[in-house]
Amino acid sequence: MQVNKPEDFTKNVSKALAQPDLKKIIRRTTDKAETKRTEAVANFPEFENARSQGQKVKDHTIKYMDHYLAEFEKNALAQGTIVHWASTGEEASKIVLDICRQHKAKKVTRSKSMLGEEIGLTHAFDNSEMERIETDLAEHIIQLAGDPPSHIVWPAMHRSREDVVKLFREFHEDPTYSEEITDLVRSARRDLRNKFLTSDIGISGSNFLLADSGSSCTVTNEGNAELTITPPKVHIVTAGIEKLVPSMAHAVPLLRLLTRSATGAEITQYITFHNGSKRPNDADGPQECHIVLVDNGRTKMLAEGMEEMLRCIRCGACMNHCVVYKHIGGHAYGSVYPGPMGSVLTPHLDSLEVANKQTHACTMNGRCEEVCPVNIPLPKLLRSLRAQSWQKKYEPLTNRFVVQSFAELAKRPRLFQLLSSCGVIFMKVFSRKGWIKYMPFTSGWTRNRDLIEPGSTTFMHQYKKMKKAKSGGA
Amino acid sequence: MSQKITNAGRTQPNTIECLNISEKKVGLFVTCLVNTMRPSIGFASITLLEQAGCTVEVPELQSCCGQPAFNSGDDEGTRQIAYQTIKQFENFDYVVLPSGSCAAMIKKNFIEVFKDQPEWLARAKHLASITHELLSFLVDVCNFEPRGIELDGSFTYHDSCSGYRSLHVYEQPRKMLSKVKGLDHKPLNSHSECCGFGGTFCVKYSDISNEIVAEKVKNILATEADYLLGGDMGCLMNIAGKLNREGHKEIKALHTAEVLAGLAPQILGGKDAS
Amino acid sequence: MNKQKSELSRTKIFSAIKNAKPTVTMDVKTIQQEAFELLKESEFARPKLLSEDATQALVLRIEAGLVIGTSCEKISTLDDLPNSVNQFFDKHSLPQEIKVQGIDKLEKLDWEGISTDSDIENDNTVGLCWAEYGVAETGSFVVHSSPKMPILLNFLPLYLIAVIPKSKILHYMDDYALIANEIAKKGETPRNMCLISGVSGTTDIEGVLVQGAHGPEVLHIIIVEDQ
């Protein structure tokens with residue numbers, strides 16, 4: 001599959017809308033997620049309190065980020081974890097690859113993390129002598145298909161069962177010839193089992209970093225994180241610096257919010273805290289543990305007043321509830337992070353210049369903010385990115401001209417009223433039987449819908465006339 | 001003044017205000033879409049406010065609430081528009097708009113562009129505190145109930161996003177419409193899901209907007225209602241325009257105020273409601 | 001070389017944070033106090049349990065089908081365990097083979113003819129583990145890695161039995177976090193602490209839930225009352 005670029009957003013959208021089944025495929029996942037989340041919230045009357053607590057925990061940690069980072073580092077080192085720092089994604093990827101090379105790794109297993117995608121780790125391995133094995137079932141599917149992820153929780157949601165049947169038959173050593181989903185999952189289980197056990201390095205992300213212990217926490221339903229991390233000699237964690245929380249007790253409210261918001265389940269099946277390397281005589285576990293702490297635009301967000309976005313716990317609820325995402329899907333955004341959260345993040349990871357169109361692909365309906373488990377004001381953040389785009393003149397000139405001209409008029413009410421009256425007369429010319437099917441300068445509207453006929457004259461005109469008549473009569 | 005500022009935010013019923021409402025002067029902000037496209041909504045608003053006991057005035061020097069500039073990221077343009085809106089409306093007891101999104105613009109967004117101008121920020125906050133969306137104002141502040149209005153048929157209701165999410169308008173229109181004789185409510189599936197209008201969005205991303213409104217239309221048709229009602233001209237224009245393009249003449253889109261003011265028969269009969 | 005680069009990035013990150021938030025206090029006591037205050041909200045921000053009694057709440061949760069792929073039973077003493085395991089074999093038509101975690105209290109039981117040393121990679125084997133804790137809120141059992149607790153025992157078998165001592169069943173995840181904190185104070189934090197709430201599952205193909213994605217497909221929890 002050809003990988004979309006963020007700067008080609010408009011083109012990507014047309015491509016997505018031209019795919020006849022895409023909408024159906026997306027809705028299969030998002031509708032279910034939406035229904036199940038609604039149920040989960042209804043069954044948890046304390047949800048609003050949890051949400052407020054979760055937000056406060058994240059805000060507290062962001063407020064004292066340097067303190068907690070230093071504390072995390074100290075405690076991680078004390079556990080024998082080797083701590084690395086990376087300013088950019090490229091640096092982070094290089095650190096990971098270098099560790100693998102030092103250990104002469106041939107096979108590397110990876111448990112899904114969006115940060116890994118963000119820093120280009122998957123791509124970096126593909127250009128190396130090492131074999132990368134994705135162990136999350138969805139990541140396994142998109143690795144076989146050569147696709148980028150289309151959702152942060154269900155990265156392979158754009159692939160149908162038929163696609164998976166084909167891929168597994170082509171790539172699995174002992175494939176199933178059944179088309180039953182259960183058999184397909186078993187086929188992946190057989191294929192991945194030996195790979196787990198013979199891997200040289202296990203790479204994971206982290207849902208939470210606990211400052212007071214230097215631990216990282218993984219959250220999965222498949223249990224692939226533990227299977228990825230435990231057998232190899234070396235465990236490498238890659239994590240964004242915003243994943244910090246003060247302690248395990250502070251991660252608990254966020255765990256309550258995360259799964260309910262993501263899949264509608266009350267909790268994921270596997271929550272594991274990883275505390276450094278194997279203890280002497282432990283029955284299993286890696287002998288060496290590394291953690292790569294990644295900035296990649298996060299401190300920039302802090303500096304640019306976007307710190308609310310650093311609360312994000314990557315649940316995907318905003319995209320599941322986004323009317324735009326539901327129609328264009330994840331690939332159109334041309335970024336690892338699609339939907340509302342992606343439209344805020346991508347300008348900081350790539351640049352606003354390449355990713356400003358996404359910030360405009362939003363109706364400002366507020367649904368994403370309404371369902372966000374940590375109250376991120378996504379519409380407000382998108383709007384402030386639009387304001388930055390405006391100042392930096394990234395907006396196409398024609399749009400700028402139209403908006404500016406309108407604003408120029410609107411600040412002169414007399415002229416505005418006059419031109420409104422002219423507008424009404426102009427529109428009347430094109431209207432037939434109460435409707436306008438086509439009119440110059442309105443193709444954006446009339447391409448897809450009719451425009452109602454305006455009033456005979458403007459309200460203001462009629463109102464003034466009425467008032468005059470009244471006072472004249474009196 | 002200072003007390004009014006602290007009252008900014010949610011519209012809440014206030015019994016003391018209810019009693020004294022007749023002494024209150026209401027400034028009607030008509031909004032540009034109503035001004036040009038559907039004057040009858042403006043006249044319906046005046047009728048309803050007067051029935052509710054308010055003294056209504058429509059300042060002639062009004063234009064737009066500034067959403068197109070604000071949502072495009074043009075903060076300076078927004079400020080320029082806001083200056084004169086504030087000047088025109090800040091001395092009323094209440095400012096009322098027959099639109100959730102324009103009301104939300106004044107109530108929630110003006111303050112965003114005056115962060116660095118304390119004097120204007122205070123004035124914007126004051127204006128926010130006295131500004132209301134029409135339908136919620138009628139119920140929450142005026143305790144208004146329509147009387148003697150009849151309309152045969154059934155309606156379904158589209159909650160506009162700004163009204164529903166920013167201003168918590170939901171029960172108020174339904175409550176008033178339940179008093180209209182002969183009118184049944186047919187609930188809309190995904191009633192609060194965006195219709196795809198989104199101001200400049202619908203022309204900027206016309207094709208995405210089209211997909212969204214097509215879905216809204218599907219849900220509306222499934223109700224088999226005779227009327228589509230709502231509180232925002234933008235959404236109504238968008239949905240009605242799509243209904244008409246698809247040839248669905250059987251369902252008519254009306255602003256809730258038009259129905260409550262008893263103007264529906266006239267409008268449906270094709271006459272200008274003024 | 002890499003080390004230097006990493007140091008440089010470290011300095012960059014810290015100074016970027018300082019520049020972005022110049023007014024923030026670094027008084028550790030204040031920060032700790034603020035962090036502590038946040039935890040007080042948990043009491044009002046967590047779900048009601050199905051019973052005030054933690055064991056009962058855990059059982060009801062599993063019986064209500066809220067813990068994926070999981071069943072449970074209570075036995076009064078540990079000596080009843082082999083019998084329960086035998087019934088589990090019967091129910092799932094499994095050969096009498098089980099991989100028992102290598103701790104004394106499990107190994108010294110009378111396993112009557114059941115083979116207790118089998119290959120955990122075999123999908124037909126049943127794994128049997130001793131949980132450190134249970135958590136009623138989430139229907140979880142908790143295992144800690146140790147010389148006698150291979151983490152993989154909980155992940156490789158297709159069938160898993162977890163034994164939870166009744167006295168170790170906690171109400172909430174918060175209660176477990178407190179215990180983890182106590183363990184840390186003693187310097188005894190294990191490499192892994194796993195909260196397991198159900199079986200390995202996936203919805204990655206067309207949103208259909210399949211159990212036994214990589215790990216167990218069936219989980220049976222046995223609560224031992226006299227432990």
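Helices, of at least four residues, and strands, of at least two, are DSSP runs numbered from the N terminus. In this predicted model, chain C has 6 helices and 11 strands.

**Chain C**

The C-alpha trace of chain C spans about 70 × 50 × 45 Å along its principal axes. Its radius of gyration is 22 Å, whereas a compact globule of 227 residues would have a value near 17 Å. Of the 227 residues in chain C, 45% are buried. Among the contacts in chain C with a separation of 6 or more, 72% join residues 24 or more positions apart.

**Domains**

Both chain C and chain A are assigned two domains.

**Contacts between chains**

There are 2 pairs of chains that touch, and the most contacts are between chains A and C. Chain B and chain C do not touch, and their nearest C-alpha atoms are 19 Å apart.

Chain B does touch chain A: the contact takes 56 residues from chain B and 50 residues from chain A. Several helices of chain B each give two or more residues to this side, including helix 4 (39-51), helix 6 (75-89), helix 13 (206-223) and helix 14 (233-245). The residues on the side of chain B that touches chain A comprise 23 nonpolar, 21 polar and 12 charged.

Key
Residues numbered from 1 in each chain as written. Chains lettered and ligands numbered in written order. Predicted model: local features only at pLDDT ≥ 70, side-chain atom pairs only at ≥ 80, totals over all residues. Contact = placed C-beta atoms within 7 Å. Nonpolar A, V, L, I, M, F, W, Y, C, P; charged D, E, K, R; others polar. Domains from an automatic or database assignment. Rg over C-alpha atoms; globule rule 2.2 N^0.38 Å. Buried ≥ 20, exposed ≤ 12 C-beta atoms within 10 Å, placed from the backbone.
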